[in-house]
Amino acid sequence: MRSTILPGHPANLLGSLWMITAMALFAVEDSFVKVASQTVPVGEVLILFGLGGAAVFACLLALQGKPLFQPEVVSRPMRIRVCFEVTGRLFWVLALALTPLSSATVILQATPLVVVAGAALVFGERVGWRRWSAIGIGMTGVIVIIQPGLDSFSALSILALIAMVGFAGRDLASRAAPASISTAILGLYGFLAMALAGLIYALWSGDGLVIPSGHAALQLLGAIAGGTVAYACLMKAMRTGDVSAVTPFRYTRLLFGIALGVVLFGEEITVPMLVGSGLIVASGIFILWRSRKIAAS
């Protein structure tokens, strides 16, 4: 069993920097997708983004001399993972296209809370009343941001909520996936699922395909580059230092998302957004701390 690394150990500091870099690049990816979706149909954005990301991971596997397919890819957990991936990717891009980047990013930060709740309900993991209370407080933060029943409520905010549930389901299915499946294979089929989501939406919406302008093509290339490099940085972060020391820095995506929303898209930071963000982040960090304490006891 791997021993715990001291908080100030260089490995933890390096892992934290990898995580912050990954979150910054994910926010940049979201910004590119949001801008591209203003001139390119959402379904086409998903198709092109998905195929581009899949091509990157396919090349990576080829360079490593590894096959692009293995029988475990069609196992039941992987089929379930694809369903959740399609749901999460589709509704996330719709949320980016139709709602403020800042609020969508904040709602997405509740994903770890849903993962913990799902692990208890699906895998039977033990979650005590303290962590259940933290989950409840974090989800209250989501409600504060969405503000259902008030005049400021927008039904479009449900898009980010559905995306968050989809990503949580994907993460839970990934935990049940065969250990022989590498992260590169997961990345390959994750991006292929994104392309599938785009195809499904394009057929449903009836939107025709367009030839992206030069600017739109660059934006999509920027999204692909940002997303794939961010994924690599995330994997590097999770393998450098203690997971419990590195994982809290996932919440820096919230800061980057809000900052880019304000600077690039002129979005406003509201009091409910700040309050909801605080509840979500505080709950997530408490759950991480509590999980680490229980594991050490």
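Predicted model: local features only at pLDDT ≥ 70, side-chain atom pairs only at ≥ 80, totals over all residues.
Local features were taken at pLDDT of at least 70 and side-chain atom pairs at pLDDT 80 or more, whereas totals for chains, interfaces and linings use all residues. Residues are numbered from 1 along each chain as its sequence is written, and side-chain values use heavy atoms, with hydrogens and water left out.

The unreviewed UniProt entry carries the annotation "transmembrane region" for residues 12-28, 40-61, 106-124, 185-204, 216-234, 246-265 and 271-289; such annotations may be inferred rather than shown by experiment. Over residues 216-234 the chain is 100% helix and 0% strand, with end C-alpha atoms 26 Å apart. Helices (H or I, at least four residues) and strands (E, at least two) are DSSP runs, numbered from the N terminus.

Helix α6 comprises the 18 residues 129-146, which should span 26 Å at 1.5 Å a residue; the end C-alpha atoms are 26 Å apart, in agreement. The expected span is 1.5 Å times one less than the number of residues. Buried residues (under 20% relative accessible area, 1.4 Å probe, protein chains only) in α6 are Arg131, Ala134, Ile135, Gly138, Gly141, Val142, Ile145 and Ile146. Viewed down the axis of α6, these buried residues fall within an arc of 135 degrees, so they line one face of the helix; the arc is that of the directions from the helix axis to the C-beta atoms. Just after α6, Gln147 has a positive phi of about 55 degrees.

A volume is the space filled by probe spheres set on the points.

The largest pocket has a volume of about 1,600 Å³. Its lining consists of 48 residues, with Val115, Arg170, Asp171, Leu234 and Arg250 nearest the centre. Helix α5 contributes the most to this lining, six residues.

One cavity of 30 Å³ or more was found in the whole structure. The largest cavity has a volume of about 40 Å³ and is lined by residues including Glu29, Asp30, Arg89 and Trp92. Helix α3 gives the most to the lining of the largest cavity, with four residues.

Notes: 1 Å grid on protein atoms, 1.4 Å probe; cavity = no way out; pocket = protein on both sides within 12 Å on 5 of 7 lines; lining within 4 Å. Buried < 20%, exposed > 50% of the residue type's maximum accessible area, 1.4 Å probe, protein only.
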